Amino acid sequence: MSMIEVSHLYVEINGRIILKDINITFETNERILILGESGCGKSTLLLALLGIVQKYDNMNVSGDVLINGISIVDMEPIDLVKVFGIVFQNPESQFCSLYPKDEVAFGLENQCVDPNDMENIIELVMKDFDFPEEKENYPINILSGGEQQRLALACVAAMGSEMILMDEPTANLDPEGRRQVIVTAKKAGLEGKGLFVVEHNLESWLPFLDRLIVVGSDGTIFCDGNYREMFHLHWKRFVEKGIWCPHTLQISRVLEKKGYTFYKIPCCIQELKDENISCSILNQAVSEYFDADQKEDEQFKKAVLKLERLTAGYGRNHMVLNSINLTVYEGDFFALVGGNGSGKSTLSKAILNLVPIIDGSISILGKDISKYKANDVHEIIGYVFQNPEHQFVEDTVWSELAYSHGKHTMDKDSIKNEIFKLLKDFDLEKHIEVNPFNLSGGQKRRLSVATMLIGDRKILILDEPTFGQDVKNTNKIMKKMTRLNNLGMTVIMITHDLDLVDAYANRVAVMNGGEIVYEGNTRGLWNEKNVIEKSGLELPFRIKILEEVGSNAYEQLQSNG
Amino acid sequence: MLMNNFNPTAKLIANLIIVITSLIVFDPHTMGMLFVISSIFVLVTKSVNRKNLKAIVPLVCFAVGMLWMNASLARVENPQIIATLGPLRFTDQGLIIGLVLFFRIMTIGITSILFTFNTEPDVLILSLIKQCRLNPGIAYGMMTALRFLPSMESDLELMNAAHRIRNVRNKKWNLKKNSWYKNAIPLLAANIRKAERVAIAMEARGFQSDMKRTYYRTVNWGRRDTIFVALTVLIVCAIVLFSNSMGWLICFKGWRGF
């Protein structure tokens, strides 16, 4: 165990102050959660602990990080590894070998471990960290995100680091992968490894963490202490600033307003369950918190998209979709959900004529897809890609939107007006002359949606619209979508986040292994527990809390709703 | 005897010997013998399969193209016309030059394809670190680049699809493919960021490019690798000496093709 002391740490990158006067002291067996607004320097703090920020030329660093009284700048990287190991957010871009075992060995090689001992160490950590044995010889590239993150954890453990730093380790994973990583991280924590976690998926992490450090938007420490106390004292400020707070805590606040007194502030579902709250109050509080006015299904709507026995894929031996039947009605906010590799992206591409159709049919607005001319389909259906950068073709935000316009439809003034209106709508009017690549993550996402709204498209497909976005941006984007939907646009959202589905979609289809396993209205899905489980998804929080805390409350809600 | 079992560095040396020799030699007899020996080697090691045959096809087309073009178009002194086809006149001297080039392309082609198809990239890199004292910083850089290739390919595919959807309203007169730099910028941006992240991850695990480190998997240089390289040298020397004694040998003096 080592004593870490961060004193007056100050980091400036290209003239922008990222961290300011950071003072923290902790021991390497502590389990710490770091929160903060997006872009407030949490990742920079982790890199500063590793002594990496200090080495870069474009960064101005002052202050010090001391390990047992020795400055990390004076330490050999190889000794530092014994104290800190890190797991990054993006599973793919933290490996440098082609195969899992070589990757674990990489750290050991750096430590000059005798090659004869390596085999034993590797076997041991891979088993300890639940890396599937049958995949030991697979190339790293084809492993799932959850497997890659567990491999990264195993790599850190192999080197014998006392504390594991984690930079949003589950942000890029589907619910199944997330579950796997959390279980493994928890195990490491219980075995005595220290944890230093940046994460916003709080409910599952909090039960095995102790301390909370919040970094403010100005780069200073906003608060530091026991997480229960911190959430109790500051939760209002957190919500204002768009820092993630556990839903349980926020619901307990609503309950308090209704006159319920808590002796212990609940931070996860189990703790709320222990309170024995009466169902009717809980029911009220939950529907108040989630603002759950579900959209009603209107009968006899027109089908805008109809797939019949659709089989498609990349060649006879690589069929991804198997006999898909699916109908999307006009004005739907439709969610297409499934775990990674379930075929949901392929399905959306088949609708856009980007994947060869082997059998079955797709009809769009009542007309078969084969009867459309090459590009006409794209004029009816817009598609917002997961990575906004893939869609950008021009050098400024303005010309990016003008590009979508083409040159022949309207006179110049009305084009200008339309573009201005969109820019204003999407909070981009200040960035007209900026290169799309220089925008922030949220702005990029908004621009990519805006480019698809020019013209009169009837259907908009969004691939993981909230991927990599913080609370504020998530809400912003989803509000826009709801408004568009209310104006008559049919929205199809591809996601694995059932909380989003619960909050916004009126109809949903679940995909698993290239087949549709559920299609119907959103509320009906919450009764199909085994479908959700089999597809590697996770019940939305609202339903979970109602079910687990008061099973009666859930039934009441249903009969009311 | 499988090519896979040899040390990659040995294969690389053998390959280089043949390539350099074929570049120096410029007479059909020696070149032909080099080609025949290489082909025999390919057959003996059973290294041909459908996959690398496919890679050889375009090479054969190129080589045959060189053959007839030189035979008909090479600028040579005192040509003897041996055949005509329409306006084309095939000359004996030209045919000889064409044959040399044909054999040269085929020899270099098949030995190189043989090498690349029978060598695991990670084993090659490990072997280069050990046998050629390659800096591990460069070696791991190459390895990571290899890992990036498949994702670059799928990114490019996605980008083309995305641009096609964007392109809708610019009707036909503007439906040209995106210029290469329009594709290159996002790819470059994504990959530079990725490379930086990998570099940080490696550093976080105690890696320095000029460090002392051990290796989990090692690729050894066995006796048969020495024999393999020695035999290659012997055979090539024997061919060159034999054709020299027969008076066939001509070394490359300058471009004499068309």
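## Cavities

By the grid rule used here, the count comes to 5 cavities of 30 Å³ or more. The search runs on a 1 Å grid over the protein atoms alone, and a cavity is a set of points where a 1.4 Å probe fits but cannot get out; lining residues have an atom within 4 Å of a point. Grid points are joined across faces, edges and corners, and a volume is the space filled by probe spheres set on the points. This is a predicted model, in which local features need pLDDT of at least 70, side-chain atom pairs count only at pLDDT 80 or more, and totals for chains, interfaces and linings use all residues. Residues are numbered from 1 along each chain as its sequence is written, chains are lettered from A and ligands numbered from 1 in the order in which they are written, and side-chain values use heavy atoms, with hydrogens and water left out.

The largest cavity holds about 90 Å³ of space. At least two lining residues each come from α3 (100-110) of chain A and from α5 (121-132) and α6 (136-166) of chain B; helices here are DSSP runs (H or I, at least four residues), numbered from the N terminus. With 4 residues, α3(A) gives the most to this lining. By class, the largest cavity has 6 nonpolar, 1 polar and 4 charged lining residues, where Ala, Val, Leu, Ile, Met, Phe, Trp, Tyr, Cys and Pro count as nonpolar, Asp, Glu, Lys and Arg as charged, and the others, Gly among them, as polar.

## The second largest cavity

Next comes a cavity with a volume of about 60 Å³. Its lining also draws on both chains, including A:Phe88, A:Phe95 and A:Cys155 along with B:Ala201, B:Ala204 and B:Arg205. Helix α5 (145-158) of chain A and helix α7 (180-204) of chain B each supply at least two residues, and α5(A) has the largest share, 3 residues. The lining of the second largest cavity divides into 8 nonpolar, 1 polar and 1 charged residues.

## A pocket in chain B

Now to open space: a pocket is an open set of grid points with protein on both sides within 12 Å along at least five of seven lines. The second largest pocket has a volume of about 470 Å³. Of its 24 lining residues, B:Ile18, B:Phe41, B:Phe228, B:Thr232 and B:Ile235 lie nearest its centre.

Four helices of chain B, α1 (8-24), α2 (28-44), α4 (92-117) and α8 (223-245), each give at least two residues to the lining of this pocket. The most come from α8(B), with 8 residues. In all, the pocket lining has 18 nonpolar, 4 polar and 2 charged residues.

## Where chains A and B meet

Counting contact as heavy atoms within 4.5 Å, 69 residues of chain A touch 49 residues of chain B. The area buried between the two chains is about 5,500 Å², with carbon and sulfur atoms giving 56%; buried area is the accessible area (1.4 Å probe) that two parts lose on being put together, summed over both.

The interface has 5 salt bridges, each a side-chain nitrogen of Lys or Arg within 4 Å of a carboxyl oxygen of Asp or Glu. B:Arg205, for example, pairs with A:Glu103 (2.6 Å, N to O). On the side of chain A that touches chain B, α3(A) gives the most, with 9 residues. That side divides into 34 nonpolar, 19 polar and 16 charged residues.

## Salt bridges overall

Over all chains, the count of salt bridges is 26. One of them joins the side chains of A:Glu119 and A:Lys101 (3.2 Å, N to O). A:Glu119 lies in helix α4 of chain A and A:Lys101 in helix α3 of chain A, so this pair ties together parts 18 residues apart in sequence.
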